[in-house]
There are 2 protein chains.
Amino acid sequence: TMSSQTPVDVFPAANPHGLRILGQANRLFIVTLDGEDLLLIDQHAAHERVLYERLKTAEKSHEKQLLLVPKNVEIGQNLNKVLLEYTDDLHRLGFEWQDFGGTVLLRAVPLVELKVPAEQFFTAILEELSEAAGVRALAEREDYLLYTLACKTAIKDGDILTMAEMTKLVNDLFALPNYQTCPHGRPIITYLGRDELAKRFKR
Amino acid sequence: TMSSQTPVDVFPAANPHGLRILGQANRLFIVTLDGEDLLLIDQHAAHERVLYERLKTAEKSHEKQLLLVPKNVEIGQNLNKVLLEYTDDLHRLGFEWQDFGGTVLLRAVPLVELKVPAEQFFTAILEELSEAAGVRALAEREDYLLYTLACKTAIKDGDILTMAEMTKLVNDLFALPNYQTCPHGRPIITYLGRDELAKRFKR
């Protein structure tokens, strides 16, 4: 009968944190089961948190990736000012360059998976920082930089994920103590509890 | 990169009605994707609707299943009164018996998948009907009987379903024109839309 079968052959294996990943919805959420409860995970916010924590670790251990071929990047006078202001922070994160005044020869970038060419990534970070002119306190500035890097490299709303990618992301996220909110405080996960759902069915 | 892959190797195949079944939550809901939207299906209400429609069809075509060995059922005087009152309705549904006054020899039952022995099913139906003493109008009475049969034989809240069972139920349900509500008007399906979910993540 229907009640006596255990669907062991049906569901993906539970990950180390006890969640079963069912799939992706709206190209935005990872749909999981936590026990029998539905748990949704915001893919972008989750990846931001994972990358942010990874960058903090990389910064502490001075991890970076050298470019095989250094890249000439035209950044212009405005972004050159930003570059000078943030030189120490950018070095600490893993960026390395020679400055020719308005043009730089980019030699290394942080140890993150780039979604765009390194020179485009470098410019995007500088542009982002140029909009944070008001941020002066060092701790705040460092945090802003880490967050900007995480945001620029995280998977986006709209990205289609494979089961393998979802599994990796969920495992990475739940290995962190602060898996519940993104670096800016937005929720990463939401439960759809039995009682709430039952109400919709007028049970 | 994450954005360019199509998870064709990941999700169960879509059923004929375009839904992708992801799994079961709370032993109560079938979790599906309708396009990219989350759609939950109440397993008990869905099966009630499917069985109700099947019984209506069976009634019209006089379908029944003969018992290999007729069963003696002690029903007592109260249920015997119910049996006499509902004789025509019960015959039409596929029940057949010889009445010895308080004891019947049960020979046939409707063409439904029984979850309990036939004699126990027969008694349960009579007991249910004895509580509907106020129902007198023929159409209303017939409907009550069909609904009672559907309810008694439907999968329940708490039943664990395999992917095959979920697929069959969803296919059966969405083949019906009235798949949205159970025979008593409760919702069978509920959408969890992108906007509603995004709000929970303060997007």
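**Figure 1. Contact between helices H2(B) and H4(B) in the predicted model.** From H2(B), the residues Leu79(B), Val82(B) and Leu83(B) meet Phe122(B), Thr123(B), Leu126(B), Glu127(B), Leu129(B) and Ser130(B) of H4(B). Sorted by class, this contact consists of six nonpolar, two polar and one charged residues.

**Figure 2. Crossing of the axes of helices H2(B) and H4(B).** Helix H2 of chain B spans residues 76-85, and helix H4 of chain B spans residues 118-130. Their axes come within 9 Å and cross at roughly 85°. Because angles of 65 to 115 degrees count as roughly perpendicular, H2(B) and H4(B) are therefore described as roughly perpendicular to each other.

**Figure 3. Interface of chain B and chain A.** In this view, 49 residues of chain B are in contact with 49 residues of chain A. The two chains, B and A, bury about 4800 Å² between them, and 60% of this area lies on carbon and sulfur atoms.

**Figure 4. Salt bridge between Arg27(A) and Glu36(B).** The closest N and O atoms of Arg27(A) and Glu36(B) are 2.6 Å apart. Across the interface of chain B and chain A, 10 salt bridges are found. Also found across this interface are 20 residue pairs in polar contact, with both residues at pLDDT 80 or more.

**Figure 5. The side of chain B that touches chain A.** Two or more residues each are given to this side by strands S1 (19-25), S2 (29-34), S3 (37-42) and S7 (189-192) of chain B, and by helices H6 (163-174) and H7 (194-200) of chain B. The residues of this side of chain B comprise 26 nonpolar, 10 polar and 13 charged.

How values were computed:
Residues are numbered from 1 along each chain as its sequence is written. Chains are lettered from A and ligands numbered from 1 in the order in which they are written. This is a predicted model: local features need pLDDT of at least 70, side-chain atom pairs count only at pLDDT 80 or more; totals for chains, interfaces and linings use all residues. Side-chain values use heavy atoms; hydrogens and water are left out. Contact means heavy atoms within 4.5 Å. Buried area is the accessible area (1.4 Å probe) that two parts lose on being put together, summed over both. A salt bridge is a side-chain nitrogen of Lys or Arg within 4 Å of a carboxyl oxygen of Asp or Glu. A polar contact is a pair of N or O atoms within 3.5 Å; within protein, one must be able to donate a hydrogen and the other to accept it, and residues adjacent in sequence count only if both atoms are side-chain atoms. Helices (H or I, at least four residues) and strands (E, at least two) are DSSP runs, numbered from the N terminus. Ala, Val, Leu, Ile, Met, Phe, Trp, Tyr, Cys and Pro count as nonpolar, Asp, Glu, Lys and Arg as charged, and the others, Gly among them, as polar. Axes are lines fitted to C-alpha atoms, for helices over the stretch in contact, and angles run from 0 to 180 degrees between N-to-C directions. Angles under 35 degrees count as roughly parallel, over 145 as roughly antiparallel, 65 to 115 as roughly perpendicular and the rest as oblique.
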